[in-house]
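Here are my notebook entries from a first look around. Have the viewer open and follow along with me.

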Amino acid sequence: MAQKPIGYYGEFRPTGVDTSAARRFEALAGIADQVGDIAFQIGAKKAEQVGAEKGAKAAREYAAKLAKPQPEVGPPEELSPPETKKGFLASMSIERQAYDAALKTGFLAQVSTDSKQQVERIAAQYPNDVQAFKINAQQYTQGLLEGVGDEYRDSVQATVDNYIANAETAVFKNEVAVNRKNAADSINLAINLTADDAAAFARSGDPIQAETSLLEHSNYIDSQVLTGDLSIDDAERLKRETRIRVDSEEFKSQLDSDIESHSYTEAYKKLQRFEKPENFTSKEWESFKANSATEISRDQSIYNASKKVANENAKKLLTSYSTSIALGWSVSEEETRKVEQAVLGTPLEAELELAQNLA
């Protein structure tokens with residue numbers, strides 16, 4: 001059996017080293033590093049919070065000053081916008097970085113809200129007047145940018161321009177709608193007026209002018225069809241109604257001479273001799289004849305009533321006059337002429353002559 005050879009005398013054999021203490025120190029050092037990191041994070045978070053709060057406060061204060069109306073009398077209030085810090089030290093400061101970020105964000109957010117409200121107020125003041133809206137919006141923008149720092153100017157300008165563009169589009173649409181409504185109202189008025197003119201010319205016995213007004217009336221109706229404000233069916237209905245109205249007035253104008261001369265029997269006969277035009281339906285024609293007959297009857301009733309009153313007045317005048325001259329009283333020539341005119345063309349005319357002969 002082989003045996004391990006004996007080495008040299010006094011051979012060094014190292015003993016085992018206890019490293020537990022070192023490992024404990026390393027662990028403690030690691031914990032210390034972690035605690036340090038945690039402490040740094042806590043401090044950074046706090047610095048970031050403080051910076052953000054200060055920045056937000058500065059933004060609110062600046063925005064409030066900017067939104068405050070300038071005095072109407074005297075020079076405008078000078079506004080100095082808060083500035084962000086520049087340089088290496090500022091970039092290394094957590095608090096300063098948070099301050100700058102909050103300042104920019106808060107200020108732009110506040111200005112955005114204020115400018116949106118102001119543009120909406122201008123649009124509400126001039127809801128359908130693009131030119132007035134543009135002028136006032138431009139004046140507001142100029143005043144706003146005068147108090148804005150250079151580093152905010154482009155952002156604020158872009159924000160306000162966007163609100164103004166959107167509002168201007170709405171104002172323009174309103175203006176178009178208002179203008180279109182005004183134009184439609186004017187044309188509708190012209191349609192009604194030309195219809196009235198055509199009917200009046202027809203009643204006065206001027207068919208040429210009546211047809212001229214009818215043509216103008218038709219053109220106005222066609223323009224409404226082209227703009228989409230009137231359907232084709234409604235347009236044809238309006239034209240037909242006006243045509244019937246004008247034709248009716250032309251027929252009535254032929255009756256007016258008989259009515260004015262109180263030849264009512266002749267007027268009735270003439271009405272019955274009228275032939276129905278193609279434009280009229282049977283129902284419309286019967287309605288026209290009934291309406292015309294009513295007008296003749298009404299005028300006749302008025303005439304008869306007034307004639308009766310006139311006869312009664314004439315009889316009273318004649319009685320008073322006859323009594324006066326029979327008693328030998330003096331009667332003026334004016335009173336005599338008044339009595340003569342009252343009884344002219346009536347049976348009382350003979351009574352007046354007899355009274356004068358007796359006197």
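At roughly what angle do the axes of helix 7 and helix 8 cross? I found roughly 160 degrees, with the axes coming within 7 Å. Axes here are lines fitted to C-alpha atoms, for helices over the stretch in contact, and angles run from 0 to 180 degrees between N-to-C directions. That makes helix 7 roughly antiparallel to helix 8 (over 145 degrees counts as roughly antiparallel).

Before going further, I noted that this is a predicted model, where local features need pLDDT of at least 70, side-chain atom pairs count only at pLDDT 80 or more, and totals for chains, interfaces and linings use all residues. Residues are numbered from 1 along each chain as its sequence is written, and side-chain values use heavy atoms, with hydrogens and water left out.

**Entry: who touches whom**

I looked up the contact (heavy atoms within 4.5 Å) between helix 7 and helix 8 (residues 264-273). Gln254, Leu255, Ser257, Asp258 and Ile259 of helix 7 meet Tyr264, Glu266, Ala267, Lys270 and Leu271 of helix 8. Helices are DSSP runs of H or I, at least four residues, numbered from the N terminus.

Next I turned to helix 6 (residues 207-226) and helix 7 (residues 232-260), which pack at about 170 degrees with axes 10 Å apart. They are therefore roughly antiparallel to each other. Among the residues making this contact are Leu214 and Ile221 of helix 6 and Leu238 and Val246 of helix 7.

Then came helix 4 (residues 130-146) and helix 5 (residues 150-203), whose axes come within 10 Å and cross at roughly 170 degrees. Their contact includes Phe133 and Tyr140 of helix 4 and Ile164 and Phe172 of helix 5.

**Entry: salt bridges**

How many salt bridges does a search of the whole structure find? I got 17, each a side-chain nitrogen of Lys or Arg within 4 Å of a carboxyl oxygen of Asp or Glu.

I picked Asp247 and Arg243, whose closest N and O atoms are 3.1 Å apart. Being four residues apart in helix 7, they are separated by about one helical turn. Is Asp247 buried or exposed? At 10% relative accessibility, Asp247 counts as buried, while Arg243, at 22%, is partly exposed (buried is under 20% relative accessible area, exposed over 50%, partly exposed in between, with a 1.4 Å probe and protein chains only).

My last stop was Glu284 and Arg240, a salt bridge at 2.7 Å, N to O. This pair links distant parts of the chain, with Glu284 in helix 9 (residues 282-326) and Arg240 in helix 7, 44 residues apart.

Note on methods: Helix = DSSP H or I, 4+ residues; strand = E, 2+ residues; numbered from the N terminus. Parallel < 35°, antiparallel > 145°, perpendicular 65-115°, else oblique.
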